[in-house]
Amino acid sequence: MTPKELQTISRGRRRSRQSGAELLEFTLALLPMLAMIFFLLDISWAVYAKSTLQRAVRLGVRSGITLTSTQMASGACLTDTVKSLVQANSSGLLRGTAGLALIKVNYYQPPAANSTSNIVDVSTQSYGNTPGNIMQVSVQGFQLLPLVPRIYGWGQRADMSPTSISVYAADLIEPSREPPCIGTAP
């Protein structure tokens, strides 16, 4: 045999020994990469949901502290208007009556200047929306399901438990000549 023929035969043997190596290497690289991608998607989904809800309650507070009775729809009260604003700005995360039930609007009366007394919850009082009081809007206990199941080990079941998200925003109620009715709070 010529040296050229020997070289061709040895190349063929080398290829036959390495034919499954690419598939194995691809598989070993693909599984960790998919795990990282799914982990990043799940974290991104949670960050998006929390920031969307935080924005919604901030918009609710910003609108609620400045609304007057002439700016509101006839027959509407402040608490219900703020709740509907939060629900409308939640990008569909708080839809329906179940989502509306998670939105809370509380009113607090701050202590007088140079006083050491505590803040007073006046949410159930008719004077709760008095200028100078604090309006707090929150979404409490929102359950966010993961996009993909979380797998922690080979012998364990996949975890599909939801993540609980709560967000808060508060500000002082602006002075107004025509304060709206407070409605039913929280």
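**Figure 1. Helix α2 passes helix α3 in a right-handed crossing.** For handedness, a crossing is left-handed if the near helix is turned anticlockwise from the far one by less than a right angle, and right-handed if clockwise. This is a predicted model, in which local features need pLDDT of at least 70 and side-chain atom pairs count only at pLDDT 80 or more, while totals for chains, interfaces and linings use all residues. Residues are numbered from 1 along each chain as its sequence is written, and side-chain values use heavy atoms, leaving out hydrogens and water. Helices (H or I, at least four residues) and strands (E, at least two) are DSSP runs, numbered from the N terminus. The axes of α2 and α3 come within 8 Å and cross at roughly 145°; axes are lines fitted to C-alpha atoms, for helices over the stretch in contact, with angles from 0 to 180 degrees between N-to-C directions. Here Ala56, Val57, Gly60, Ser63 and Gly64 of α2 meet Leu78, Val82, Leu85 and Val86 of α3, where contact means heavy atoms within 4.5 Å.

**Figure 2. Helix α2 and its buried residues.** Over its 44 residues, α2 reaches 65 Å from first C-alpha to last, close to the 64 Å expected at 1.5 Å a residue (the expected span is 1.5 Å times one less than the number of residues). Among its buried residues are Asp42, Thr52, Leu53 and Gln54; buried means under 20% relative accessible area, exposed over 50%, and partly exposed in between, with a 1.4 Å probe and protein chains only. The buried residues of α2 pack against α3, β3 and β4.

**Figure 3. The largest nonpolar core, with 28 residues.** Such a core is a set of buried Ala, Val, Leu, Ile, Met, Phe, Trp, Tyr and Cys residues joined through side-chain atoms within 4.5 Å. Leu53, Val86, Tyr107, Met135, Val137, Val139 and Phe142 touch the most other members. Two or more residues come from each of α2, α3, β1, β3 and β4. Take a look at Phe142: beyond its neighbours within four places in sequence, Phe142 is in contact with residues including Leu53, Leu93, Leu102 and Ile165.

**Figure 4. The disulfide of Cys77 and Cys181.** The structure holds 1 disulfide, defined as a pair of cysteine sulfur atoms within 2.5 Å; here the sulfur atoms are 2.0 Å apart. The link is left-handed, with -105° about the S-S bond. Cys77 sits in the loop between α2 and α3 and Cys181 in the segment after β4, 104 residues apart. Cys77 is buried at 16% relative accessible area, whereas Cys181 is partly exposed at 38%.
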